[in-house]
Amino acid sequence: MRKYFEAEKLQFCVLYRQFLLRVVDLEALSTQADVIKLLGQFAAILVALSLIYAIEAFVFEGSRMTAAAHLAFCWRMEHFLIATTMLVVGLFALLSWDSTFPDRRDVMVLAPLPVRARTLFFAKVAALGTTLSLPVLVLNVASGLAWPLVLAPSGLFGIFRSLAAYWITMFAAATFLFCSILSVQGVTAQLLPRRYFLRLSAFLQLTTFALFLGVYFLQPAMATPKALTALENQRLLAWLPSYWFLGLFQGLNGSTVPVFLSLERRAWIALAIAVFGAGAALLLAYFRTLRKIVEEPDIVPSTQGVHWSPRFGASLQTAIVLFRFFNLHL
């Protein structure tokens with residue numbers, strides 16, 4: 001029994017390392033690209049941003065502001081940091097879109113091996129957890145220590161509470177967005193035949209990318225007491241997740257503003273739904289979709305329809321003639 005658990009532990013470690021190194025789809029990189037180097041460059045950019053945000057916290061002079069202006073500035077900065085963290089995690093999730101769920105290569109390589117499906121599942125979940133944690137930690141490595149000191153209530157307890165509220169909120173917001181992407185991707189993969197899912201996958205990825213950038217840059221600035229309490233903004237606030245987690249941070253930090261109570265409740269509900277959906281999608285992927293990948297082809301012959309190009313005999317002769325024709329004109 002002990003040998004069995006040791007072997008399964010070794011399998012888990014090997015699979016975890018492989019899944020973690022494949023966080024970026026290798027086919028999307030050039031032949032000479034290095035995943036470790038790419039992730040290092042990505043991390044360096046995020047650390048630089050975090051240092052810039054931290055410097056802004058150190059040069060911030062709240063004593064020269066009125067109480068209302070100071071409060072509005074703090075709320076805007078909290079919302080900016082939350083929204084930026086969600087954007088970075090969303091872009092990172094899109095970067096690893098094609099490596100999140102098992103593909104035909106995983107099935108062909110891992111299926112013949114004596115590896116249980118649950119070992120694959122737990123190794124992938126652990127790799128995804130690491131993938132989620134890295135951008136959050138790197139982006140907030142400096143700002144996550146500087147801004148909680150500015151946003152904290154008075155007293156030592158207030159500082160520790162602000163630090164805990166900040167990091168809980170950042171990880172909660174990142175988990176919500178990451179799990180939401182997994183849920184959409186997993187539900188689509190389950191509802192559609194594999195060949196149609198592969199055709200739709202690129203469109204979903206592009207649409208999600210446009211949605212993230214559009215919401216980040218175009219959402220109205222409402223992180224002020226007047227805008228958050230305005231009746232005409234309540235419907236819009238209900239559709240903007242970054243403000244939900246602003247309410248979560250304020251609730252964890254001890255705020256008693258009524259509008260934040262409803263936003264905090266919405267944030268916890270949305271987080272629970274996203275985590276449940278992502279967990280169900282991963283379970284179905286490793287206990288049901290693996291069989292579908294083997295049984296259904298990725299590419300099927302094209303159906304009969306209107307051909308835009310002329311025919312030159314059989315398919316092979318047509319391909320050779322058209323290839324030669326386009327080479328002559330390039």
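Okay, let's start at valine 59, which is exposed, with a relative accessible area of 56%. Exposed means over 50% relative accessible area, buried is under 20%, and partly exposed is in between, using a 1.4 Å probe and protein chains only. Before I go on: this is a predicted model, so local features need pLDDT of at least 70, side-chain atom pairs count only at pLDDT 80 or more, and totals for chains, interfaces and linings use all residues. Residues are numbered from 1 along each chain as its sequence is written, and side-chain values use heavy atoms, with hydrogens and water left out.

Back to valine 59: you'll find that residue in helix α2 (residues 35-59). Helices here are DSSP runs of H or I, at least four residues, and strands are runs of E, at least two, numbered from the N terminus.

Now, the rings. Rings of Phe, Tyr and Trp (its six-membered ring) pair if their centres lie within 6.5 Å; planes under 30 degrees apart are stacked, over 60 edge-to-face, and the rest tilted. How many aromatic pairs does that rule give? Ten. One of them is tryptophan 75 with phenylalanine 260, edge-to-face, at 4.8 Å centre to centre and 80° between the planes. That pair links distant parts of the chain, 185 residues apart: tryptophan 75 sits in helix α3 (residues 67-95) and phenylalanine 260 in helix α12 (residues 258-295). Tryptophan 75 is buried, at 4% relative accessibility, and phenylalanine 260 is buried too, at 1%.

Then look at tryptophan 167 and phenylalanine 171: their ring centres are 6.3 Å apart with planes at 35°, so that pair is tilted. They're four residues apart in helix α7 (residues 156-191), so about one helical turn separates them.
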